[in-house]
Amino acid sequence: MTRREKLLAGLDLSSMVGLEIGPLDRPTLRKDETRILYADHLDTASLRQKYAADPNVVVGNIGEVDAVWGERTLAEALGPDTKVDYVIASHVIEHVPDLVSWLQEVRAVLKPGGQVRLLVPDKRFTFDLYRRETAFSDVLTAYLVRARKPLLHAVVDFALFCTPVDLLKAWDGTMARERALTREDFNRAFHLGRDVVDNGTYHDVHCWVVTPRSFATLFAEMAEFGLHDFACAAFHDTEPHELEFCVALQECSDPVELTESWRRMARAARIDRDVPDGIGQLQEKTITALSDWGAAERARARAELARSFERSRADQAEHGRWEAKALRESAEARAKAAEAAAQEAEAETRQAQETVARLVRERDALLSSGVWQATRLLRALVRRVPAPLRSLTSRALGRARRAVGGQAGGTAAAAMREQVARIEASGLFDAGWYVREYRDLQSSNMPPAMHYLLHGGAEGRNPGPDFDSAWYLAANRDVAAAGVNPLLHFIDQGRAEGRLPKPPEDRESVGPPSVHAMLRRHFAGLQPLRIFPAPGMPPRLTMITDSINPGSLFGGVGTAMILAALLAERRGLQLRLITRSEPPETLNFQRVLDLNNIPWKGNIEFVHAGIGERAREIPLGADELFLTTSWWSTRSTRQAVDPRNIVYLLQEDERMFYPHGDDWLRCVETMADPQLHFVVNSELLFEHMARGPLPVASIAANGVWFEPAFPAAAAGADDATAAQARRRRHGFFFYARPGNERNLYYRGLEAIGAAMEAGALRPEDWDIYFVGRDLEPITLPGGVRPALLENLDWADYQTLVRRIDVGLSLMYTPHPSYPPLDLAASGAAVVTNRYGSKTTLARYAEDILCVEPSVDALAGGIVEAVRRVEQGGRPRGANRLQHDWAAALEPVLQHLDQRL
């Protein structure tokens with residue numbers, strides 16, 4: 001068979017649409033023969049210019065390129081609606097820097113049942129003869145770093161061992177059995193390697209060096225670990241006196257058959273002519289030769305490195321002097337401001353503490369009063385007030401709160417900031433220890449010291465290993481009666497009065513803590529939910545989360561509330577909401593449902609359970625269903641109730657929150673429970689969890705996914721279009737969370753700075769907003785000061801989103817995250833980053849530009865988004881996002897109907 005016959009065997013060219021990658025001037029199929037598309041790394045004109053002087057390329061035969069595949073994914077290059085029946089790649093795959101991502105992108109453009117046909121060079125009969133064969137570790141390394149250029153080791157290996165091969169001699173076995181390295185080989189490898197390291201130059205080499213047998217073994221290993229889902233559908237071995245073999249790949253959902261198909265290919269590879277026996281001796285000689293090269297060459301290299309080091313030290317010293325001056329000036333300004341704020345707040349700190357204590361006592365008295373119990377029915381009736389009236393009431397209350405806040409809010413806030421600062425400066429508060437000790441706080445939006453001031457001290461949580469809050473309150477009844485924070489009391493009075501921060505140690509009588517005590521203390525947030533049986537309780541759905549306070553509502557928690565309301569209504573259950581880290585602000589529940597057009601007519605019970613030994617006991621009825629919102633709330637719940645009654649709402653790969661260690665292990669163990677029911681936010685995340693590099697079998701077997709809806713954004717899309725037409729300035733949105741590493745805050749700053757230096761986001765045309773939390777003032781290029789917006793109310797957030805034209809929102813995880821979708825739903829152009837299988841978000845909106853997380857790619861994305869906006873004529877709301885939560889979650893509810 002000819003190479004063309006091997007590639008096209010079994011394809012119906014009269015009805016199928018194909019894609020050939022890298023055809024250049026020798027396409028397998030011409031466009032006048034069949035419906036075929038061409039993809040290459042450059043457009044047609046650029047290819048003809050590049051190869052104009054190449055005697056091996058007939059420039060006139062270069063066909064019209066339909067898709068330029070480089071910075072964009074293949075799906076983006078072809079267009080989201082373009083799917084093909086087959087893909088042909090002749091002598092292409094060996095040049096691909098990242099084999100796994102290349103296969104994933106090709107897979108994304110295939111129709112169901114589509115095939116990939118490959119012609120691959122056999123290393124035994126090419127210039128790769130003396131190179132080492134590719135190992136699985138090479139493939140995994142390239143995938144982990146998302147290589148866009150050949151990696152350094154591939155360039156150096158190619159330069160050292162590449163050699164011309166006489167095909168006839170290679171086949172009859174008369175090729176030399178070994179090859180000594182020369183100084184020319186070394187110089188070529190050294191200079192090419194330095195060019196890659198110093199300049200990042202793209203050197204086109206064979207990244208993957210294989211024989212038919214090693215190719216099949218490699219693909220079997222990749223399939224075994226979920227790195228691709230292609231089976232070997234057909235195989236044509238390397239023919240005598242030829243240098244290539246042919247493989248057909250086809251999607252396969254059976255993991256056993258998937259791997260076995262490649263094992264069959266490995267067994268069928270009839271040619272067993274291995275690398276020459278002398279390769280081991282050659283490599284030994286290589287090492288010897290490298291060590292024996294002249295002293296002059298080594299001295300020159302050392303001198304070059306020394307000069308580079310001294311230049312780097314000089315640059316760093318100059319930068320350090322400039323940075324030290326700026327930091328000193330900034331610190332002096334902050335010190336003056338802090339001193340003024342402290343003087344202003346000191347006089348009113350005591351009054352604020354007394355006010356808080358009085359309000360707490362009044363609240364407790366009210367909740368325990370007969371009046372409060374007698375008015376339960378009245379409060380239930382108030383909740384049934386029609387939404388328009390509730391909205392008017394809420395606005396009136398909001399005006400009242402703002403009026404009061406205008407008079408006293410600034411003073412109270414200053415006092416609270418001063419208290420937080422004293423806690424942090426006490427030497428007894430350890431923020432890192434506090435977050436690690438109480439795992440439920442890792443998803444909290446509240447700074448650790450603020451949480452301890454407002455909640456942790458009263459709950460008996462310790463600020464660090466050297467202060468025992470619960471013991472201090474128990475040992476000092478006057479402090480407990482006053483309702484003040486235990487650590488603040490110790491700082492202000494207790495230390496001077498000789499009070500102890502923790503129990504006196506008597507190691508002889510008490511001894512060190514037991515294993516169980518140490519584990520309970522370290523994993524307080526993972527202890528079993530404290531319950532007691534309550535026979536006769538009506539059937540109920542209990543949602544468990546850390547907080548429903550304003551800073552926690554965006555995205556995941558709001559979605560959990562919506563699912564809880566719809567699931568409870570669907571199954572005729574009463575609804576209870578339990579918070580663990582903070583007392584619930586109960587009005588937020590109805591506010592979230594109103595903003596998302598979810599009707600709710602029933603009552604709801606709110607409970608603050610707390611954490612650890614001081615956690616509140618929860619009544620458990622006979623027919624109780626639980627909706628958990630994190631692995632730690634799931635683990636705590638499943639130790640107290642039947643896991644078959646738990647629905648785990650998974651909205652991120654929570655394993656990625658931790659390094660490999662105790663927390664990571666417990667997270668993995670929780671997800672592996674085969675009795676849990678999983679609801680996964682987005683198809684992208686489900687595919688990653690079920691079939692990604694580290695698949696979770698229980699999620700694949702018991703999981704269902706949904707795509708989120710955005711009704712609030714849809715409602716304002718037309719208004720946003722009109723507003724955009726009226727105003728002269730544009731809005732730029734940056735999702736800024738420096739305390740959350742997954743959001744790549746500092747990489748975002750680099751990209752925004754580079755885009756502004758390239759002429760985008762001109763200050764005279766654009767308003768720039770940094771939206772998030774824990775933000776510090778910053779000056780962007782050109783002296784621009786962005787507006788810092790922290791912990792916005794949901795309604796205010798939606799109002800801002802409709803004002804935005806371009807957004808930058810990064811999430812270095814598989815989930816698309818909510819801000820890019822919020823912005824796209826309101827018609828903005830959005831730049832976000834790729835991660836793993838998250839290579840494109842075109843399924844949601846064309847104007848979501850999903851690019852590599854490099855500075856250049858992100859800055860280029862911002863420049864392109866700005867260009868699209870400034871060209872005008874973009875209709876707001878042009879996207880494929882859902883706008884009805886009931887419709888979006890209907891498949892989930894049907895799935896749970898069958899499983900529960």
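Two strands count as paired if DSSP finds at least two bridges between them. Strands (E, at least two residues) and helices (H or I, at least four) are DSSP runs, numbered from the N terminus. This is a predicted model, so to speak about local features we need pLDDT of at least 70, while side-chain atom pairs count only at pLDDT 80 or more, and totals for chains, interfaces and linings use all residues. Residues are numbered from 1 along each chain as its sequence is written, and side-chain values use heavy atoms, with hydrogens and water left out.

**View 1. Strands 6 and 7 side by side.** Here F230 sits opposite E251 of strand 7. Strand 6 and strand 7 (residues 244-251) run antiparallel and are joined by six bridges. They belong to an open sheet of seven strands with mixed pairing, in the order 3-2-1-4-5-7-6. Strand 3 (67-68) and strand 6 (230-236) are at the edges with a single partner strand each, so one side of each has no neighbour in the sheet.

View 2. Now look at what packs on strands 6 and 7. Contact means heavy atoms within 4.5 Å. Angles, from 0 to 180 degrees, are taken between N-to-C directions of lines fitted to C-alpha atoms, for helices over the stretch in contact. Helix 9 (residues 212-224) touches strand 5 (110-121), strand 6 and strand 7, and its direction makes about 20° with that of strand 7. Helix 10 (residues 255-268) touches strand 6 and strand 7, at about 20° to the direction of strand 6.

**View 3. A closer look at helix 9.** Buried means under 20% relative accessible area, exposed over 50%, and partly exposed in between (1.4 Å probe, protein chains only). Buried residues of helix 9 include P212, F215, L218, F219 and M222. Among the elements covering the buried residues are helix 4 (99-108), helix 5 (136-144) and helix 10. After helix 9 comes G226, with a positive phi near 75°.

View 4. Strand 17 (residues 730-736) and strand 18 (residues 766-772) pair in the parallel sense over seven bridges. Look for F734: its bridge partner in strand 18 is F770.
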